[in-house]
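Okay, thanks everyone, let's get going.

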Amino acid sequence: MSESSPAFADRLFLGATAREYARGLLTPGNLAIAGILAVGLPVLAYRFAFGLGAATHLSQQSPWGLWIGFDMLCGMALAAGGYTLAAAVYMFGLKEYRPVVRAAILTGFLGYVFAVIGLLCDLGQPWRIPYPLVYSWGTTSVMFEVGWCVALYTSVLALEFLPAFFEWLGWTTPLRLLGKIELGAIVLGIVLSTLHQSSLGSLFLMAPGKLHPLWYSPYLPVFFFVSSIAAGLAMVIVESRISHRLFHDRTEPARRVDVDRIALGLGRAAAVVLFAYVFLRLQGVAEAGAWRELATPWGAWWLVEVGGFALVPSFIFAYGSRHALIGAVRTAALLAIVGVVLNRINVSIIALHWKNPLVYVPSWMEIVGSVTIVTLGVVTFRWIVNRMPILSGRGSALPSTR
Amino acid sequence: MRIGRRSFLKTCAVLGATGAARALPASGPAAGAIAGADEGIGVLVDTTRCLGCRSCEVACAESNRLPEPDRLGDDTVFDAHRETSERQLTVVNRSRAPGEPRYAKSQCLHCIVPACASACPVKALDKTAAGPVVYHEDRCIGCRYCMIACPFDVPKYEYDRAVPYVRKCTMCPSRLADGKPPACVEACPGGALEFGKRSTLLAEARRRMYAPGSTYVPTIYGEHEAGGTSWLYISDRPLESFGFPQDAGETPRFETTRGALGAVPFVVTLWPPLLMGLYTASRRRADVAAAEGAPGEENGHE
């Protein structure tokens, strides 16, 4: 925290006057963002005014599309860096990763918030979203469990993010109070993440006749949980690189973080997790007795996903982190992210209706809607990082990390 | 050395999760053993008696205040297989098998343990004690998980409406409450639909099937499908020739998620002490390192 306490407007406009700040916003990047939002926000408004049928290519045969497959499932998997890093730093005491925890938690928090916004777009009656929490409990449903966990975990992520917010405002009393519950929040966050990251996979256990045997497995929850750890690690590698490059001036020189060294360490963990994940997927094929399916076009597609985007990045991670090849580790992280996205899209869309002659292809409005939601997330991330102490290498005051 | 210990702990964490999921085998009561299931009501469809007149479609539309079925009285309607829709809760299809034409209506089969009701996060779909699987539209949030879960692809969604609902046959619960059979059963002129207690219908189906000179295929569709359904079909043509799914399996869909849902209390009770143990251990390690002033330990002091 800075000793002086600048006026709120100064904090908001980063020390500039409102006019200077507004003028400073006129950059090519911001114009592109404005362009996306100028198209995207009316598209989302159109979806709510005229319904899902008018805006999407969802059908009776394909009830779930891009907004569930990408915004919800990929959004939550890629936001798993929050709990993965929180567990590594606070529970396992790997404090060398502390400098990237805040950014990982912010990515997680915004990832969840915008995944829920994607869900709101997809729900037929989004204004009823609190119903599973307060109105009618469908306790036999995996969706019910996911709903509760996501609602609770998003709240926990908000609690984990709040210290940076209060430091920004210079409010010390709530900061102290948060410090008291921080450990509990982190444990609760890991428990809730374990539950719903796996349950997002359990959702598809109900569709044994629909999901292709190469993807259907009683171990779906384990696949989803383990791959979410890989996705979280890969996202932290990529996100910390981008953040520390773009927001270089936001990090105090005395606290400048060696993101490369952190990436190498995370890469080593990702290599192990991805390798285990590939073997679990093979076990899934063995369990289903689906080896013969590997010789079909669906098998080729499975090999692209599991071989090309899980096994290959696992080896690159291992080689890169062993020989301190930071470029290789970042490449592997990008491949792993693509791999997890492919997996979620396969399970929820492509391989789910493999017997269905009608192929679902998202409408342009669904794609624009997803792009808009991601853009809103990036803009919010940038707005917060530019103001609050996210990248400055601080972390919690928990004793294990001092 | 330190790396070794850490990777060991990570491995333990992963194995712990795997173990928790594996420790709970998905086993449950066999389909026929669900208490009271056969005492619920149902309908027996005998396709050898169906004339293909589509009176059931008309009666269904009237009873549910839906638009009149398309191409009434036009036999070309049978040329292509039709699915039920949000505006047509039952449709009659012609068998693709050779020989005399055979017809069968399709609609919700009203499972004994319905996948849709197990999947619904708000109990909007619900199995009543009497037998029908009903829909409480005041609860539905529109997640459409029922459509993913249903092994027969029965629930349909009103995509075209700004305030949409799920639509499917609910077996006319208000008529049942008045002591009347479902509208389609009452309208059937050929006696192809028989309404009654499931156990009675099963016995009747077997009686017809094993009568001398019977030409019936010796299976009752719905007796075991997806754990058993309230609607039962017998036919002298293979049921797949009417477009009925053959991959529904014999266990209720609920069984597939039983293990995963059963693991929740274990994760909730076992994870926190495990994590706190890890926390205490890593904290102690940090304290010892600080006391010894170990130069190798990184420090990020405030």
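This is a predicted model: local features need pLDDT of at least 70, side-chain atom pairs count only at pLDDT 80 or more; totals for chains, interfaces and linings use all residues.

If you take the contacts in chain B between residues at least 6 apart in sequence, 64% of them join residues at least 24 apart.

Now, where chain B meets chain A. The contact takes 59 residues from chain A and 62 from chain B. Which elements of chain B give two or more residues to that side? Those are α1 (2-22), α3 (115-119), α4 (145-149), β6 (156-157) and α8 (254-292). The largest share is from α8(B), with 18 residues. By class, the side of chain B that touches chain A splits into 37 nonpolar, 14 charged and eleven polar residues.

On to the core. The largest nonpolar core has 197 residues, and the ones with the most contacts inside it are Ala230(A), Ala270(A) and Ala336(A). Helix α11 of chain A, residues 220-246, gives the largest share of this core, 14 residues. Take Ala230(A): leaving aside neighbours within four places in sequence, its contacts include Ala270(A), Ala336(A) and Tyr277(A).

Last one, helix α5 of chain A, residues 66-78. A straight helix of 13 residues would span 18 Å, but α5(A) spans only 16 Å between its end C-alpha atoms. Buried or exposed? Buried: 13 of its 13 residues are, so α5(A) is largely enclosed by the rest of the structure.

Terms used. Residues are numbered from 1 along each chain as its sequence is written. Chains are lettered from A and ligands numbered from 1 in the order in which they are written. Two residues are in contact if their C-beta atoms, placed from the backbone, lie within 7 Å. Helices (H or I, at least four residues) and strands (E, at least two) are DSSP runs, numbered from the N terminus. The expected span of a helix is 1.5 Å times one less than its number of residues. A residue is buried if 20 or more other C-beta atoms lie within 10 Å of its own, exposed if 12 or fewer, and partly exposed in between; C-beta atoms are placed from the backbone. A nonpolar core is a set of buried Ala, Val, Leu, Ile, Met, Phe, Trp, Tyr and Cys residues joined through C-beta atoms within 7 Å. Ala, Val, Leu, Ile, Met, Phe, Trp, Tyr, Cys and Pro count as nonpolar, Asp, Glu, Lys and Arg as charged, and the others, Gly among them, as polar.
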